[in-house]
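Hello,

Here is the structure I promised to pass on. Please open it first; my notes follow below.

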Amino acid sequence: MKRYSVLYVLFFSCLNLCLKPLLSSLPEYYPSWQGFPSYKICTWYHNKSAAVSLTFDDNNESQFAYILPLLDRFRFNATFFVVTGALDKPWSVVTWDSVRMAASRGHEIGSHTVNHPRLIELDEVSRMYELEYSRNRIDEEVPGQKCVSLAYPYSQWDDELRSQVSSYYIVARAGDNWSEPADPPDLYTVHGNIPLASTSLEQMNCWIDEAVVYRLWCVEIVHTFEYEGAEPLSADRYRLHLRYIKSKEERVWVAPLGTVAKYIRERDAATIIPVSVTDSTLSFDLSDGLPDSVYNVPLTIAVDIPGDWENAEVTQAGMPRWSAFAEGNSGRTLLVDAVPDAGEIAIHRMARNSQRPNPPSVGYELSVFPNPVRCIITAIFAMPEKNEAQLDLFDIRGCRWASFKSERWLDSGEYFQEFDLRNFPSGVYFLRFRAGGSVSTVKIVVQR
Ligand SMILES: [Zn+2]
């Protein structure tokens, strides 16, 4: 009898041990995520209406001389499609250093092959070489990013080439003049718009307006500016176009081609798995089943948080993430940034006036371009909160030459103010920006 009872105890201990993990992983009668609010993954990053990718081909000198500084001033990240064989030539004006410098400022370096051949006329081995070796050279020379994008030389492709490209890249840009829908039919033949010398500013701006209305992905393809090539674009017209895009930034997401392609692939593959709901926290997982070393772009998720939550903040794997209440809503839809497969996302309930532990680092910032300047200088100033702003331009002796004062309180955001310096003598000047108790000054050089 004694022996039986030992066996009996052993049997039930084992059963208990085996079942315990199983039982604890089963949902309770009411699952802990019961009551998780409705959500959706936004079509475009930060729930914007359109995506815009600015792309530049052939490592032309004028792109680096005129446009790179302009892109940086506007804080736009673009894609430079480089011909790696040309960069490897010792006499090349644009060098790997130029390309690395662009990459270090957040621009994408894509492949435009090794020798810029007509790929469809090559045999299979030569095609493979052009596709693979150019990608490998970029990965070797440009640290901190993986080359994922290709632009077909002469915009020529066929089905066989397209399928070869898909072994090496996640996206490839073809030519032709139209924008892609938010769900492009084929990421290996992404179409773009090509501004030429004869394209008016209105036409270029129209591509952006159209993209906003129809929620499109507008890819722009530029080869040369000013003095270079057959149909160079006026750098000044392009500057005005960039300024137009900047003025639409509330609704337009400007990002490199590869970043937008990653967003689309992640967005279409991602699923959200609610994990738990409490009075003060909503948590969920986001997974896309794609390789995490490449697909690391944050997606924006719109979550209808409970109506009595006055404020909220978001963490992923314990680290703060961007979030904002969606505009035009009663304030109950929260936009949340999260990277797929990068840890649990938690939305924490906060009191209305609670201080966020990690406030955005954007302060009252001032920058100018171009500098040195001959004619018109544009001051860009950032307002982190609603306030008045004043700009004053002094010479080296402290005499004021120009000033600007906002007529009303400005909302938070980025602003542009131009100053005409054509009548200013050559020399050093200082632009002072005062707002919200903060003062910053930038040195300007006027050259005649
Ligand atoms: Zn080209």
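Which residue in β3 is the bridge partner of Thr55? It is Thr79.

Two points before the rest. Residues are numbered from 1 along each chain as its sequence is written. The model is predicted, so local features need pLDDT of at least 70 and side-chain atom pairs count only at pLDDT 80 or more, while totals for chains, interfaces and linings use all residues.

Start with strand β2, residues 50-57. Helices (H or I, at least four residues) and strands (E, at least two) are DSSP runs, numbered from the N terminus. Eight of the eight residues of β2 are buried, so the strand is largely enclosed by the rest of the structure. A residue is buried if 20 or more other C-beta atoms lie within 10 Å of its own, exposed if 12 or fewer, and partly exposed in between; C-beta atoms are placed from the backbone.

In a regular strand the side chains alternate between the two faces of the sheet. In β2, Ala50, Val52, Leu54 and Phe56 point one way. Ala51, Ser53, Thr55 and Asp57 point the other way.

β2 pairs in the parallel sense with β3 (residues 79-82) over three bridges. Two strands pair if DSSP finds at least two bridges between them. β2 also pairs in the parallel sense with β8 (residues 217-222), over six bridges. There, Leu54 stands opposite Glu220. With β9 (residues 252-254) the pairing is again parallel, over three bridges. Ala51 has Trp253 as its bridge partner in β9.

**Helix α2**

β2, helix α2 (residues 61-74) and β3 make a right-handed β-α-β unit. Right-handed means that, with the strands pointing away from the viewer, the path from the first strand over the helix to the second runs clockwise.

α2 has 14 residues and reaches 20 Å from its first C-alpha to its last, close to the 20 Å expected. The expected span is 1.5 Å times one less than the number of residues. α2 bends by about 40° at Ile67, and Pro69 follows within four residues. The bend is the angle between axes fitted to the seven residues ending there and the seven starting there.

Buried residues of α2 include Tyr66, Ile67, Leu71 and Phe74. The buried residues of α2 pack against β2, β3, α8 (235-247), β18 (365-369) and β19 (376-383). After α2 comes Arg75, whose phi is positive, near 55°.

**An open sheet of four strands**

This sheet has the order β21-β20-β23-β24, with antiparallel pairing. β21 (400-405) and β24 (438-446) stand at the edges, each with a single partner strand, so one side of each is left without a neighbour in the sheet. β20 (residues 389-395) and β23 (residues 427-435) pair over seven bridges. Leu391 has Phe433 as its bridge partner in β23.

**Residue Gln164**

Is Gln164 buried or partly exposed? Gln164 is partly exposed, with 19 other C-beta atoms within 10 Å. Gln164 lies in helix α6 (residues 159-165). Leaving aside its neighbours within four places in sequence, Gln164 is in contact (C-beta atoms, placed from the backbone, within 7 Å) with Arg127, Met128 and Leu131. Gln164 and Met128 are 36 residues apart along the chain, and their C-alpha atoms are separated by 7.5 Å.

Best wishes

How values were computed. Contact = placed C-beta atoms within 7 Å.
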